[in-house]
Amino acid sequence: MTKLKERLLYTDKDPADDRSRMRAVANNLILHLHPTKVPAPALKWTYTWGLGGISATLTLVLLITGVLLMFRYDASVERAYTSIQNLETQVTFGALIRGLHHWSANLLIVTTFLHLIRVFLTGGFKQGRTTNWLVGVVLLLLVVAFNFTGYLLPWDQLAFWAITVGTSLLGYVPVFGGAISNFLLAGPDVGQGALRNFYAIHVAVLPAIMILLMSYHFWKVRKDGGISQPIPAPTEDKRPSRVERLTTIPHLVQREFAAAVVLITAVTIFAMLVPPPLEELANPIHPPNPAKAAWYFMGLQELLLHMHPLAAMLLPGIALAGIAAIPYWDKREEDIGVYFRSKIGTGTALIGAILGVALPPVLVVIDEYWLDLPSMMPGVSTLISNGFVPLALSLGGLAAIYSLFRVVGRANRGEATVGLFVFLMVSLVMLTIIGVFFRGANMALVMPF
Ligand code: HEM
């Protein structure tokens with residue numbers, strides 16, 4: 001045996017050395033993402049509910065399954081639909097991979113939305129975390145953009161008409177709406193140009209921005225000293241008490257790993273049991289009735305049934321700008337890390353939730369059957385009677401709710417903002433439920449059962 005062969009076949013290295021080297025590399029990677037020690041209260045499951053980590057895991061699942069789908073998907077109007085059919089019927093695990101991609105994408109919208117709510121409710125945007133809050137708002141918009149651009153790709157009836165409705169909403173965005181819609185569709189209607197553009201944005205532009213922003217988001221959590229914490233009460237001798245700190249490995253990593261395993265198993269089982277929808281091939285001359293937007297835009301579509309499109313776009317736009325501006329409004333740092341800020345905040349949140357559940361359905365029914373603003377203001381343009389008037393009434397209503405918390409409930413700025421925020425979020429959920437389940441043919445109100 002030559003010396004070289006001998007060296008290749010026999011080694012005096014202890015395999016345990018290799019394992020410990022691999023462990024060192026893994027630990028090093030983990031400690032690039034996390035600090036070496038974390039405060040014990042930050043590990044409490046009921047503080048973060050793991051929502052940021054769950055969103056990150058789902059994004060990873062989406063990236064992996066998305067790359068796999070790219071091997072078989074064909075972004076042409078003649079072949080897109082059949083390529084999905086072939087993927088489902090002729091490719092080993094093709095249906096499962098599509099299912100995983102589809103359900104993870106939908107779940108990601110929910111978990112990102114809930115993560116935003118958790119961060120807001122615990123004041124996680126305070127103590128220098130404003131930038132990360134703003135980055136988070138952009139991440140949420142990116143998640144929605146990912147879902148929206150992916151929706152068209154199967155090129156079935158559902159995809160075609162949801163995107164036709166969705167892009168027609170875009171056309172009403174003030175100033176840039178028309179240009180954005182023209183750019184996206186590469187023409188006046190949804191066709192080959194739109195499919196090509198949506199595909200390019202979905203598989204190249206958005207992932208690149210998402211990876212960059214998400215890396216920054218994680219780095220910033222670390223840079224800001226880890227996730228937010230309640231300020232510990234001072235000790236009896238008035239000195240600030242010290243919070244117990246635990247090592248990231250194994251305490252945090254074990255929890256993260258367990259959560260990721262449970263999540264991926266649950267999504268896989270769901271994807272195996274519930275196949276993602278695939279309707280008939282897109283038919284541009286036969287719209288389904290009702291033609292609905294994707295479920296996460298149904299709240300917006302519901303608003304459009306009650307207001308001039310410009311007002312229906314401005315209202316959520318103003319709400320989003322308000323959400324982005326929260327760190328500049330609610331600056332009190334003493335209540336950081338405490339759910340709802342205080343007892344009063346818990347009260348305003350409860351009232352906000354009750355109003356959010358009750359008011360939107362009542363207003364929808366009143367507007368559907370009795371209220372007709374344009375006929376009450378003859379001679380006035382509908383932009384005013386059905387646009388600026390309901391917009392002003394809605395904003396006035398929000399201001400009234402906030403003032404009620406401040407004056408009657410004696411809430412401070414933060415506590416009143418909690419009530420208003422909860423009201424807005426619950427209202428959005430209610431409008432979405434009404435749009436998804438209670439709208440039938442011609443978008444008339446119907447009972448779903
Ligand atoms: C794909 C979307 C997102 C991912 C993957 C993500 C991931 C994470 C993770 C892993 C954490 C630390 C642990 C945790 O809080 O659960 C975190 C914290 C944070 N996130 Fe996100 N996030 C996303 C979207 C958002 C959104 C929409 C917002 C708000 C607008 C946001 C704002 C923040 C802030 C301010 C922190 C620090 C919270 C604190 O210190 O309590 N993130 N994010």
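## A first stop: Gly 396

Let's start away from the ligand. Gly 396 comes out as partly exposed, because its relative accessibility is 38%, which falls between the 20% limit for buried and the 50% limit for exposed. This glycine sits in helix α16, which covers residues 382–407. Pair Gly 396 with Asn 132 and you get a separation of 264 residues in sequence, with 30 Å between the two C-alpha atoms. One thing to keep in mind throughout: this is a predicted model.

## The chain as a whole

The protein chain has 17 helices and two strands. Along the principal axes, its C-alpha atoms fill a box of roughly 100 × 75 × 40 Å.

How much of the chain counts as buried? The figure is 41% of the 449 residues. As for contacts, take those between residues at least 6 apart in sequence: 79% of them link residues at least 24 apart.

## Around the ligand

The ligand has 26 residues around it, and the closest are His 115, Arg 118, Gly 136, His 217 and Ser 228. Sorted by class, that shell holds 13 nonpolar, 11 polar and two charged residues.

Now for some polar pairs. A polar side-chain atom of His 115 is 2.8 Å from a nitrogen atom of the ligand. Arg 129 also uses its side chain, with an N or O atom 3.0 Å from an oxygen atom of the ligand. Gly 52 does it from the backbone: a polar atom there is 3.0 Å from a ligand oxygen. Looking at secondary structure, α4 (51–70), α6 (94–121), α7 (130–152) and α10 (192–223) are the elements that supply two or more residues to the shell. Which element gives the most? That's α7, with seven residues.

## The iron site

The ligand carries an iron atom, and on the protein side His 115 and His 217 coordinate the iron through their NE2 atoms, at 2.1 to 2.2 Å. Why does the arrangement count as octahedral? There are six donor atoms around the iron, and the angles they subtend run from 85 to 179°. For six octahedral donors, the ideal angles are 90 or 180 degrees.

The two histidines come from separate helices: His 115 is in α6 and His 217 is in α10, so the pair ties together parts of the chain that are 102 residues apart in sequence. His 217 has a relative accessibility of 13%, so it counts as buried, the limit being 20%.

With a relative accessible area of 16%, His 101 is buried. Its contacts, once neighbours within four places in sequence are set aside, are Leu 62, Thr 65, Gly 66, Leu 69 and His 202.

Ser 76 is in the loop between α4 and α5 (80–90). Is Ser 76 buried or exposed? It's buried, at a relative accessible area of 8%. If you skip residues up to four places away in sequence, Ser 76 touches Gln 192 and Leu 195.

## Val 365 in helix α14

Val 365 belongs to helix α14, residues 343–369. Its relative accessibility of 31% makes it partly exposed. Leaving out neighbours within four places in sequence, Val 365 is in contact with Trp 370 and Leu 445. Pro 275 is 90 residues from Val 365 along the chain, and their C-alpha atoms are separated by 35 Å.

Most residues other than glycine have a negative phi, and most peptide bonds are trans. Here are some places to check against that. The bond joining Ile 249 and Pro 250 is cis, with omega about 5°, and Pro 250 lies in helix α11 (residues 248–273). A cis bond also runs from Asn 289 to Pro 290, with omega near 5°; Pro 290 is in the loop between α11 and α12 (298–304).

Then there are the positive phi values. Gln 127 has a phi of about 50° without being a glycine. This residue is in the loop between α6 and α7, and it is partly exposed at 36% relative accessible area. Arg 410, not a glycine either, has a positive phi of about 55°. Arg 410 is in the loop between α16 and α17 (413–437) and counts as exposed, with a relative accessible area of 70%.

Technical notes
Residues numbered from 1 in each chain as written. Predicted model: local features only at pLDDT ≥ 70, side-chain atom pairs only at ≥ 80, totals over all residues. Heavy atoms only, no water. Near = heavy atom within 4 Å. Polar contact = N/O pair within 3.5 Å; in protein donor to acceptor, adjacent residues only side chain to side chain. Helix = DSSP H or I, 4+ residues; strand = E, 2+ residues; numbered from the N terminus. Nonpolar A, V, L, I, M, F, W, Y, C, P; charged D, E, K, R; others polar. Donors = N, O, S within 2.8 Å, 3.2 Å for Na, K, Ca; no water. Tetrahedral: all angles 85-135°; square planar, octahedral: opposite > 155°, others 65-115°. Buried < 20%, exposed > 50% of the residue type's maximum accessible area, 1.4 Å probe, protein only. Contact = heavy atoms within 4.5 Å.
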